[in-house]
Amino acid sequence: MKIFVTGVGGQLGHDVMNELAKRGHAGVGSDIAPTYSGIQDGTPVCAMPYVQLDITDSAAVSKVLSEVRPDAVIHCAAWTAVDAAEDAANQPKVRAINVDGTRHIAEACRALDCKMMYISTDYVFDGQGTEPWQPDCTDYAPLNVYGETKLGGELAVRGLVERSFIVRIAWVFGLNGKNFIKTMLKLGETHDTLRVVNDQIGTPTYTLDLARLLVDMIESDKYGTYHATNEGGYISWADFAAEIFRQAGIAVTVVPVTTAEYGLSTAARPFNSRLDKSKLTACGFEPLPDWKDAVGRYIMDFQNQG
């Protein structure tokens, strides 16, 4: 298969390209930068074709995809800076990327009659209650601009592309970019105590594991909306931080605090990011490994990379 991947300069897109290369697919990567800007880790992504693309430019999207003529598109590109998205000055750009850009990709996929996979988020829900969110739930009520615009992208894909996958993820970490684990490891160098939120509940997602699942899915015709995170149950950010320090062998005391006590976020965050992933196994897909196992592998890879 020839698969076009957007956002390869980010955590997930980078790993998706590497997974495609491992399986012998013809991957074509794209991002806003003139040249590939991800980590140069010796993996095949650096040698695969790369196309500069501004997804907010509908003519450019149509031209590039009509020239590449992929069998499928995995759309990883997005504005993901949640707090910055609340700034009124940023909101037109956030909407242009997450809503309009996604619609441009979807329109091109419809014109080419190719598959499309859109990476979404638990932020499309209001994050209330304690029950895990079901993938086919339509009780959308995003709390912030990021969630609103990612929902807008979902609706565009559903309305335009018949052969589509929408995959909601949460609490993402990967080698190619900033994430919670890197932040904790950095803070652990200078702090012996850290306050971390304990009333937001979810499950981490390692992009290396997720990339494997996404390629499994794009190779299939089991279209629809899915939830995908690592396994191992639901935890708080404080639990996540404590496990990071335990596995890294760093003596840091994690002090659990409420979101209100923490008080540093501009955007409202969902308290309930529990995602029900049972649809994956029901459709024959292999679940992701336990999140603690993923953290251990990530820390080892991150330390080897450094």
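Here are some questions and answers about this predicted model.

Q: In what order do the strands of the open sheet of 7 strands run?
A: Let's start with the sheet, where the pairing is parallel. Neighbouring strands are turned by 20° against each other on average, direction ignored. Reading across, the order is β3-β2-β1-β4-β5-β6-β11.

Q: Which strands stand at the edges of that sheet?
A: An edge strand here has a single partner strand, so one side of it is left without a neighbour in the sheet. The edge strands are β3 (50–52) and β11.

Q: How many of the residues of strand β6 (residues 164–169) are buried?
A: Look at both faces of the strand. In general, side chains in a regular strand alternate between the two faces of the sheet. In β6, Ser 164, Ile 166 and Arg 168 point one way while Phe 165, Val 167 and Ile 169 point the other way, and all are buried. So β6 is largely enclosed by the rest of the structure, and the count is 6 of the 6.

Q: How many bridges join strand β5 (residues 115–121) to β6?
A: These two strands run parallel, and one of the pairs puts Met 116 with Ser 164 of β6. With helix α4 (residues 145–160), β5 and β6 also make a right-handed β-α-β unit. The number of bridges between β5 and β6 is 6.

Q: Which residue in β11 is the bridge partner of Arg 168?
A: On this side, β6 and strand β11 (residues 224–227) pair in the parallel sense over 4 bridges. Ile 166 stands opposite Thr 225 in β11. For Arg 168, the bridge partner is His 227.

Q: At about what angle does helix α1 (residues 11–22) run to β1?
A: Helix α1 lies across several strands: β1 (2–6), β2 (26–31), β4 (72–75), β5 and β6. Its direction relative to β1 is about 165°.

Q: What separation do the C-alpha atoms of Leu 194 and Val 255 have?
A: Leu 194 sits in strand β8 and is buried, with a relative accessible area of 9%. Leaving aside neighbours within four places in sequence, its contacts include Met 184, Leu 187, Phe 245 and Val 255. Leu 194 and Val 255 are 61 residues apart along the chain, yet their C-alpha atoms are separated by 5.9 Å.

Q: How many disulfides does the count come to?
A: The cut-off is a pair of cysteine sulfur atoms within 2.5 Å. The sulfur of Cys 114 is 3.6 Å from the closest cysteine sulfur, in Cys 109, so that's too far for a bond. Cys 76 has Cys 109 as its closest too, but at 13 Å, again too far. The count comes to 0.

Q: Is Ser 273 buried or exposed?
A: Ser 273 lies in the loop between α8 (259–262) and α9 (278–282). Not counting residues up to four places away in sequence, it touches Asp 122, Trp 171, Ile 201 and Gly 202. With 3% relative accessibility, Ser 273 counts as buried.

Q: Arg 69 has a positive phi although it is not a glycine; about what value is it?
A: Arg 69 lies in the loop between α2 (58–68) and β4. This residue is exposed, with a relative accessible area of 54%. Its phi is about 50°.

Q: Trp 171 also has a positive phi; is this residue buried or exposed?
A: Trp 171 is found in the loop between β6 and β7 (172–173), and its phi is near 50°. With a relative accessible area of 9%, Trp 171 is buried.

Terms used. Residues are numbered from 1 along each chain as its sequence is written. This is a predicted model: local features need pLDDT of at least 70, side-chain atom pairs count only at pLDDT 80 or more; totals for chains, interfaces and linings use all residues. Side-chain values use heavy atoms; hydrogens and water are left out. Buried means under 20% relative accessible area, exposed over 50%, partly exposed in between (1.4 Å probe, protein chains only). Contact means heavy atoms within 4.5 Å. Two strands pair if DSSP finds at least two bridges between them. A crossover is right-handed if, with the strands pointing away from the viewer, the path from the first strand over the helix to the second runs clockwise. Axes are lines fitted to C-alpha atoms, for helices over the stretch in contact, and angles run from 0 to 180 degrees between N-to-C directions.
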